[in-house]
Amino acid sequence: MSNGRYKILVVEDDQNLRLTLTELLRIEGFTVVTARDGDEGYLQAMAHQPDLVITDLNMPILDGVEMVRLLRRQRGKISGVPIIALSANLADYNLPEKMSAGIDRFIDKSTNDRQSLMKTVRTLLEAPNSLSTA
């Protein structure tokens, strides 16, 4: 798989984590677009049509779940883009309800497991239309 052909949108309000994720993905050869919150993330997704979205769940203005719901309502490629949700508080979320919003995978960012994140990214990019029909 040639990573250079894939564009990933990173939506994260924590600047340090956003920069870290961006650098990690770029080192792996991906093209990266970033956003600071769900509202900006939605606009970036519509403008850049990424192949995958990595988003925080808890953000100001528009949270990750609502951004995902908006993307899933769109027509075309963006409605089926794989989405990974990151959160340090996964235990506080009702995951089945969040899955119905259209999130493909959840990763606990407090574990800082970069290998697991990259494996999940590659798996979702290799699986066409990986969106679960929840």
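This report looks at the nonpolar cores and salt bridges of a predicted model.

## The main core

In soluble globular proteins, nonpolar side chains tend to be buried together. Here the largest nonpolar core holds 21 residues. Leu-9, Val-11, Val-53, Met-67, Leu-71 and Ile-103 have the most contacts inside this core. Several elements each supply at least two of its residues: strands S1 (7-11), S2 (31-35) and S4 (83-87), plus helices H2 (38-48) and H3 (64-72). H3 gives the most, with four residues.

Take Val-53 as an example. Neighbours within four places in sequence are set aside here. Val-53 then contacts Leu-9, Val-11, Met-67, Val-81, Pro-82, Ile-83 and Ile-84.

## A second core

There is also a separate core of 18 residues. Among them are Tyr-6, Leu-117, Leu-124 and Leu-125.

## Salt bridges

Side chains of opposite charge can pair when their charged atoms come close. The whole structure has seven salt bridges. One of them joins Arg-36 and Glu-40, at 3.0 Å from N to O. Glu-12, Asp-56 and Lys-109 are linked in a salt-bridge network.

Lys-77 pairs with Asp-51, their closest N and O atoms lying 3.2 Å apart. This pair links distant parts of the chain, 26 residues apart. Lys-77 sits in the loop between H3 and S4, while Asp-51 sits in the loop between H2 and strand S3 (52-56). Lys-77 is partly exposed, at 45% relative accessible area.

## A bridge within one helix

Arg-69 and Glu-66 form a salt bridge, with 2.7 Å between the closest N and O atoms. Both belong to helix H3; they are three residues apart, so about one helical turn separates them. Arg-69 is partly exposed at 23% relative accessibility, and Glu-66 is partly exposed at 32%.

Technical notes: Residues are numbered from 1 along each chain as its sequence is written. This is a predicted model: local features need pLDDT of at least 70, side-chain atom pairs count only at pLDDT 80 or more; totals for chains, interfaces and linings use all residues. Side-chain values use heavy atoms; hydrogens and water are left out. A nonpolar core is a set of buried Ala, Val, Leu, Ile, Met, Phe, Trp, Tyr and Cys residues joined through side-chain atoms within 4.5 Å. Buried means under 20% relative accessible area, exposed over 50%, partly exposed in between (1.4 Å probe, protein chains only). Contact means heavy atoms within 4.5 Å. A salt bridge is a side-chain nitrogen of Lys or Arg within 4 Å of a carboxyl oxygen of Asp or Glu.
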